[in-house]
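Please keep the structure open while reading.

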Amino acid sequence: MSTSPQNAYPSRVPVGLRTGVRANVFHGKPASSAATFPERPVAEAVVPKVALDAISLDYRTTSGERLLALDKINLEVKPGEFLCIVGPSGCGKSTLLHLIAGLHPQTSGKVLVDGTPVNGPGTDRILIFQELGLFPWLTVGGNVEFGMKMKNIGKAEREQKVQYYLRLVHLSKFRDSYIHQLSGGMRQRVALARALATEPDVLLMDEPFAALDAQTRDLLHDELERIWAETGRTIIFVTHNVREAVRLGDRVALLTFRPGRVKQDFSVNLPRPRHMEQPDVARTSGDILNCLRDEINKSLEAEYADEKVR
Amino acid sequence: MKKFAKQIIFYSALISVWALLAKLRIWPPYLFPPPWGVGHALWDGFADHSFWIGIAVTMKRMLIGYSLSIVLGMILGLAVSSNKFLEETIGGLLVSLQSLPSICWIPLAVLWFGLTEKAILFVVLMGSLLSVTIAMEDGRKQMPKIYGMAGRNLGASGFRLFWSVLLPASLPFIVNGMKQGWAFAWRSLIQAEMIFLSLGLGQLLMMGRDLSDMSQVMAVMILIIILGYMVDGLIFRTMERRLREKYGLTPA
């Protein structure tokens, strides 16, 4: 899989951008942050948490032609890894998450979790939708409790976990509020707590912060990074924002525009906690953006072409 | 409370104008009774129990016919909305049948069931079943798909998915369908009662006509309005408003 050995990249390189390589890379972080973000060395032999094996998807458009949305996607995510997927709009990155969640069948290929193929949804993989899909008829607590109820977890344990996860996202005070009474950032956190409460191995996040203002988003980045460090979940995070991907991810996979293919796979070896404004985050983002630009242009051309026809 | 005051003033003015017109005797009192005449008829009607009986009989029919149409309408609506073939066939038929005023079912009902209770219930059922079905079908279609996906994603499936996600998600639409169904059932029932037999409010209305007793006619009309409004305006609207608030469908 790895095309070049790890030692081709001396560990003293500060910006650990390694294009086209899926190597087992340690986070290059200073010792001072080791307490908050423990080293998570991943052994060579470990079975990937999630593996996409030649996933393809095509669908019929309204005009009747078949459109290839995803083309033989191969991706592996290690246990506890934070993978970000970026790509231009229309590259099928959201669709990919739906496939992993088992909410939609792929045309061909396999989704493997712990080496076992999945069909259909399962609570080992929880997707946080772009639109969240929080249930307005339930309170915040009721939403967080929902998945556990479906798993037939006893009342006492549910109670305890609702409290725990609401505290984790700092929403204890809003347990009895209804969703429409909350702000956008708070809703995001409810969705996060609801997903975490089912204790999934894999958390799938579909542009969760796209609709938020910059300040709220920055705060939620910090919280997500903290929660990820505390819970050790595997996260696959889809975004169109490269900066966000570099801010959060151990790895950033870049998808091409229609059909979606993995164009390149970058490792981000920046120390955590990170910030959007950090120069090294900006620099790494710049490199990825250069690579992404062609795809964005293709996506724009496709849009403009539609316009001309009309 | 300000709205309430406005309403009091409005209705007082309305009754005053009515009283004034009656006092002026532009039309003979047996065609245009004064408010106090109608008040008297109301009082008499309740005093000799005929209005109580009328209300009880009408409400009983309403409950039976309406409950029947809710249950059948929901089943039918669910079936139609969950199957493309049924939607394209039965769905279209339902919409076209909806254009038929429910009073048109009366001749058919009388021929099938005779002048019986069954005939009345049949007319009520036909009057409200269609609107409940169509409202249910619409509700299922309008319900955001994300809830179903989120539910499945969190481990719900089969009956639990329906009961804990799909049903509550479509509740605002269901209540709307129930409200519409009630309005149609109410109209159909009074119409059916006016055409034939037995004790209900519609019958009392026609009795007033037969006796040329305009006061009774207007008294019963007022009764029908008040009853209809109480259920539709108070029960259903309150339910709908609460639901909309809880679901965040109205700006707070």
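## The hairpin and its sheet in chain A

Val50(A) stands opposite Val77(A) of strand β2(A), and Leu52(A) likewise stands opposite Leu75(A) in β2(A). The strands involved are β1 (residues 50-60) and β2 (residues 66-77) of chain A, which run antiparallel and are joined by eight bridges; two strands are taken to pair if DSSP finds at least two bridges between them. Helices (H or I, at least four residues) and strands (E, at least two) are DSSP runs, numbered from the N terminus. Five residues lie between β1(A) and β2(A) in this hairpin, and Gly64(A) in the turn has a positive phi of about 100°.

## Basis and confidence of the model

This is a predicted model, in which local features need pLDDT of at least 70 and side-chain atom pairs count only at pLDDT 80 or more, whereas totals for chains, interfaces and linings use all residues. Residues are numbered from 1 along each chain as its sequence is written, while chains are lettered from A and ligands numbered from 1 in the order in which they are written.

The mean pLDDT (the predictor's confidence in each residue, from 0 to 100) of chain A is 76, with 83% of its residues reaching 70 or more. Over residues 1-35 of chain A the pLDDT is below 50, although this stretch has 59 contacts in the model beyond near neighbours in sequence; a contact requires the C-beta atoms of two residues, placed from the backbone, to lie within 7 Å. Where pLDDT is low, the predicted coordinates should not be read in detail. For chain B the mean is 86, and 98% of residues reach 70 or more. The complex as a whole is given an ipTM of 0.72 and a pTM of 0.71 by the predictor.

## Glu295 of chain A

Chain A has seven helices and 10 strands, and Glu295(A) is found in its helix α7. Is Glu295(A) buried or exposed? Glu295(A) counts as buried because it has 22 C-beta neighbours inside 10 Å; the cut-offs are 20 or more other C-beta atoms within 10 Å for buried and 12 or fewer for exposed, with partly exposed in between, and C-beta atoms are placed from the backbone.

Leaving aside neighbours within four places in sequence, Glu295(A) is in contact with residues including Gly87(A), Cys91(A), Phe257(A) and Lys263(A).

## Helix α6 of chain B

Helix α6 (residues 117-142) of chain B has 26 residues, which at 1.5 Å a residue should span 38 Å, and its end C-alpha atoms are 37 Å apart, in agreement; the expected span is 1.5 Å times one less than the number of residues. A kink of about 25° is centred on Ser128(B), the bend being the angle between axes fitted to the seven residues ending at a residue and the seven starting there. Because 20 of its 26 residues are buried, α6(B) is largely enclosed by the rest of the structure.

## Where the chains meet

The contact takes 20 residues from chain A and 15 residues from chain B. On the side of chain A, β6 (125-128) and α2 (140-150) each supply at least two residues, and α2(A) gives the largest share, three residues.
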